[in-house]
Amino acid sequence: MNTLIRTTARCLRAGAVLYRPEVDRYLPSVSVRFMCSADIQKNLAEMVKKDKVVVFIKGTPAQPMCGFSNAVVQILRMHGVDDYASYNVLEDQDIRQGVKTFSNWPTIPQVFFNGEFVGGCDILLQMHQNGDLVDELKKLGIRSALLDIEQESK
């Protein structure tokens, strides 16, 4: 219940519309949450397009708070991808739930390249293992550090 009250208050401060003149009554709080979630979805669309690589993780890249988030950070680090946007979903429950709806993916972490949803930890790990991640990074204009290591070993 406290979460609903906090969310409603946050939406009101953000300027959410609570009154529908055509019905001439106030909307229930569930509708307020829905209207705010539309704003969250819009914000998420902007967030994932701002940077070439965007990750939603539990914690931060410097201090991941779950093994799956840590794995995503380590995979990106292995490829030399240090310049990316990360969002700590533990700091904002609206983003945590909103990104799941936005991507239609039920778990965190979530990775986006150029605004497109790539997947979670399992997908990124699979891409790393089969070499697809090197190719996808190349499409972003990012040279994987693994290519340099591979050349040095020859």
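In strand E6, phenylalanine 117 is the bridge partner of phenylalanine 112. This is a predicted model, in which local features need pLDDT of at least 70 and side-chain atom pairs count only at pLDDT 80 or more, while totals for chains, interfaces and linings use all residues. Residues are numbered from 1 along each chain as its sequence is written, and side-chain values use heavy atoms, with hydrogens and water left out.

**Overall make-up**

- The chain has seven helices and six strands; helices (H or I, at least four residues) and strands (E, at least two) are DSSP runs, numbered from the N terminus.
- Read from the N terminus, the order of elements is α-β-β-α-β-α-β-α-β-β-α-α-α.
- Of the 154 residues in the chain, 34% are buried; buried means under 20% relative accessible area, exposed over 50%, and partly exposed in between, with a 1.4 Å probe and protein chains only.
- Of the contacts in the chain between residues at least 6 apart in sequence, 58% join residues at least 24 apart, a contact being heavy atoms within 4.5 Å.

**The four-stranded sheet**

- Four strands form an open sheet in the order E4-E3-E5-E6, and the pairing is mixed; two strands pair if DSSP finds at least two bridges between them.
- Strand E4 (85-88) and strand E6 (116-119) are at the edges with a single partner strand each, so one side of each has no neighbour in the sheet.
- From one strand to the next, the twist averages 25°.
- Helix H4 (residues 93-103) packs on the sheet and touches strand E3 (53-57), E5 and E6, and its direction makes about 55° with that of E5. Axes here are lines fitted to C-alpha atoms, for helices over the stretch in contact, and angles run from 0 to 180 degrees between N-to-C directions.

- Strand E5 (residues 110-113) pairs with E6 in the antiparallel sense, over three bridges.
- Phenylalanine 113 has glutamate 116 as its bridge partner in E6.
- Two residues lie between E5 and E6 in this hairpin, and asparagine 114 in the turn has a positive phi of about 50°.
- Asparagine 114 is partly exposed, at a relative accessible area of 46%.
- Apart from neighbours within four places in sequence, asparagine 114 is in contact with Val48, Asp51, Lys52 and Leu140.
- Asparagine 114 and valine 54 are 60 residues apart along the chain, and their C-alpha atoms are separated by 8.2 Å.

**Helix packing around H5**

- Helix H3 (residues 67-78) packs with helix H5 (residues 121-130) at an angle of about 30°, the axes being 9 Å apart.
- H3 is therefore roughly parallel to H5; angles under 35 degrees count as roughly parallel, over 145 as roughly antiparallel, 65 to 115 as roughly perpendicular and the rest as oblique.
- The crossing of H3 past H5 is left-handed, meaning that the near helix is turned anticlockwise from the far one by less than a right angle.
- On the H3 side, Phe68, Ala71, Val72, Ile75, Leu76 and Met78 meet Cys121, Leu124, Leu125 and His128 of H5.
- The axes of H5 and H6 cross at roughly 100° and come within 5 Å, so these two helices are roughly perpendicular to each other.
- Leu124, Met127, His128 and Asn130 of H5 make this contact with Asp132, Leu133 and Glu136 of H6.

**Histidine 79**

- Histidine 79 sits in the loop between H3 and E4 and is buried, at 1% relative accessibility.
- Not counting residues up to four places away in sequence, histidine 79 touches His128, Leu133, Val134, Leu137, Arg143, Ser144, Ala145 and Leu146.

**Salt bridges**

- Two salt bridges are found in a search of the whole structure; a salt bridge is a side-chain nitrogen of Lys or Arg within 4 Å of a carboxyl oxygen of Asp or Glu.
- One joins lysine 139 to glutamate 136, with the closest N and O atoms 3.0 Å apart.
- Lysine 139 and glutamate 136 are about one helical turn apart, because three residues separate their positions in helix H6 (residues 132-139).
- Lysine 139 is exposed, with a relative accessible area of 63%, whereas glutamate 136 is partly exposed at 26%.
- The other salt bridge joins the side chains of aspartate 148 and arginine 143 (3.0 Å, N to O).
- Aspartate 148 is partly exposed at a relative accessible area of 33%, and arginine 143 is partly exposed at 48%.
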